[in-house]
Amino acid sequence: MTKSPPLKLPPRPVIGRRPALDPATAWVHREDGGAAPAKSQVFTARLTIDVTPALRGRIKVTAFQRGMTAADMLRELLEREYPESQP
């Protein structure tokens, strides 16, 4: 009796979105909540930073206490520190 060849199963389907080829420089499409949502669509660049687990936890807790996402809170911080009017 001969051994049958192993079954070749199709690859598992991908669930969710795939990250960009280089996630550190990927452009992200988000809609700013404003008066005219159709005109307020903004493309932003993804920025990757390294923080300690303790700092990450403090950022997430502070964002939760303020009722916002950590990304929104960090965007506000960066916009205050680096306003558009500066070169």
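Because the model is predicted, local features need pLDDT of at least 70 and side-chain atom pairs count only at pLDDT 80 or more, while totals for chains, interfaces and linings use all residues. Residues are numbered from 1 along each chain as its sequence is written, and side-chain values use heavy atoms, with hydrogens and water left out.

**Whole chain.** Begin with the chain in cartoon view, where two helices and two strands are found in the order β-β-α-α along the sequence; helices (H or I, at least four residues) and strands (E, at least two) are DSSP runs, numbered from the N terminus. Of the 87 residues, 8% count as buried, a class that means under 20% relative accessible area, with exposed over 50% and partly exposed in between (1.4 Å probe, protein chains only). The chain exposes about 8,700 Å², of which carbon and sulfur atoms supply 59%; such areas come from the Shrake-Rupley method with a 1.4 Å probe, and for residues only the protein chains shown count as cover.

**Surface patch.** Next select L47, I49, V51, L55, L78 and Y82, which form a nonpolar surface patch with about 590 Å² of accessible area together. Patches are made of residues with over 30% relative accessible area and no salt bridge, like charges being joined within 9 Å and nonpolar side chains (Val, Leu, Ile, Met, Phe, Trp, Tyr) within 5 Å. Within this selection, L47 sits in the loop between strand 2 (41–45) and helix 1 (53–66), and L47 is exposed, at a relative accessible area of 64%.

**Salt bridge.** Now show the side chains of R75 and D72, which meet in a salt bridge (2.5 Å, N to O). A search of the whole structure finds one such bridge, defined as a side-chain nitrogen of Lys or Arg within 4 Å of a carboxyl oxygen of Asp or Glu. Both residues lie in helix 2 (residues 70–81), three residues apart, about one turn of the helix. R75 is partly exposed at 27% relative accessible area, and D72 is partly exposed at 33%.

**Largest pocket.** Helix 2 supplies the largest share of the lining, seven residues, while strand 1 (27–31), strand 2, helix 1 and helix 2 each supply at least two.
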